[in-house]
Amino acid sequence: MNHVYIGLGSNLDNPLAQLKSALEDLKKHGDIHNFTCSSLYSSKPVGPQDQPDYINAVAYFNTELDGIATLDLLQNIEQAHRRIRERHWGPRTLDLDILLFNQDAIELPRLTVPHPFMLERGFVIRPLLDLAPELLLHNGKTVAEHVSQLDTSDLVAIKEA
């Protein structure tokens, strides 16, 4: 059984609803087990600033799917949510990224794990802290140790109604 952490993000077409819908799709999928999700956070965009704030989260699950099959599953969910991606680091309806796949290092044309920018992104590391503070990252630090090195002042936890 593979242990997978994914990042979720949206800033178009009702981002909160996009994330909640994607989370439900993941929870009910037959190849996903032991699904759990961090709190949801609002964050400023990375890249072009002429776009709305994002809603972000990190989820964990187990699956017997390999890395590429997991990526295919996530991309199918993105497409089912009419993924719009206008430009690099621009606004999008739904973004699902594999952050960690076991403790594997994967370098394939379609998939790089660990996610190449995850250690730089407060909107990834802070939600990951909710799920796995003692998880050892590929830089040799735990999530709890690493989060203190990032500026997470733009993150706002979203209180669910």
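Biologist: In this predicted model, which loop holds proline 114?
Modeller: Two elements flank proline 114. One is β7, residues 112-113, and the other is α3, residues 122-131. Proline 114 sits in the loop between β7 and α3.

Biologist: What is omega for the peptide bond that joins valine 113 and proline 114?
Modeller: The bond from valine 113 to proline 114 is cis. Its omega is about -5 degrees.

Biologist: Is strand β4 largely enclosed or open, and how many of its residues are buried?
Modeller: Strand β4 covers residues 54-63. Buried means under 20% relative accessible area. Strand β4 is largely enclosed by the rest of the structure, because the buried residues number 10 of the 10.

Biologist: Which residues of β4 point the other way from Tyr54, Asn56, Val58, Tyr60 and Asn62?
Modeller: Both sets of side chains on β4 are buried. Tyr54, Asn56, Val58, Tyr60 and Asn62 point one way. The other way point Ile55, Ala57, Ala59, Phe61 and Thr63.

Biologist: How many bridges join strand β1 to β4?
Modeller: Strand β1 spans residues 2-10 and runs antiparallel to β4. Glycine 9 stands opposite asparagine 56 of β4. The bridges between β1 and β4 number nine.

Biologist: Which residue in β4 is the bridge partner of tyrosine 41?
Modeller: Strand β3, residues 41-43, pairs with β4 in the antiparallel sense. Three bridges link β3 and β4. The partner of tyrosine 41 in β4 is asparagine 56.

Biologist: Which residue in β4 stands opposite histidine 33?
Modeller: Strand β2 takes in residues 33-37. Three bridges join β2 to β4, and the two run antiparallel. Opposite histidine 33 stands asparagine 62.

Biologist: Asparagine 34 is not a glycine; what is its phi?
Modeller: Asparagine 34 belongs to strand β2. Its phi is positive, although the residue is not a glycine. The value is about 55 degrees.

Biologist: Is asparagine 34 buried or exposed, and what is its relative accessible area?
Modeller: Exposed means over 50% relative accessible area. Asparagine 34 is therefore exposed, with a relative accessible area of 57%.

Biologist: Where is aspartate 13, and what is its phi?
Modeller: Aspartate 13 is in the loop between β1 and α1, which covers 15-28. Its phi is positive, in a residue other than glycine. That phi is near 55 degrees.

Biologist: What is the relative accessible area of aspartate 13?
Modeller: Buried residues fall under 20% and exposed ones over 50%, with partly exposed in between. Aspartate 13 is therefore partly exposed, with a relative accessible area of 46%.

Methods: Residues numbered from 1 in each chain as written. Predicted model: local features only at pLDDT ≥ 70, side-chain atom pairs only at ≥ 80, totals over all residues. Heavy atoms only, no water. Buried < 20%, exposed > 50% of the residue type's maximum accessible area, 1.4 Å probe, protein only. Helix = DSSP H or I, 4+ residues; strand = E, 2+ residues; numbered from the N terminus. Pairing = 2+ DSSP bridges.
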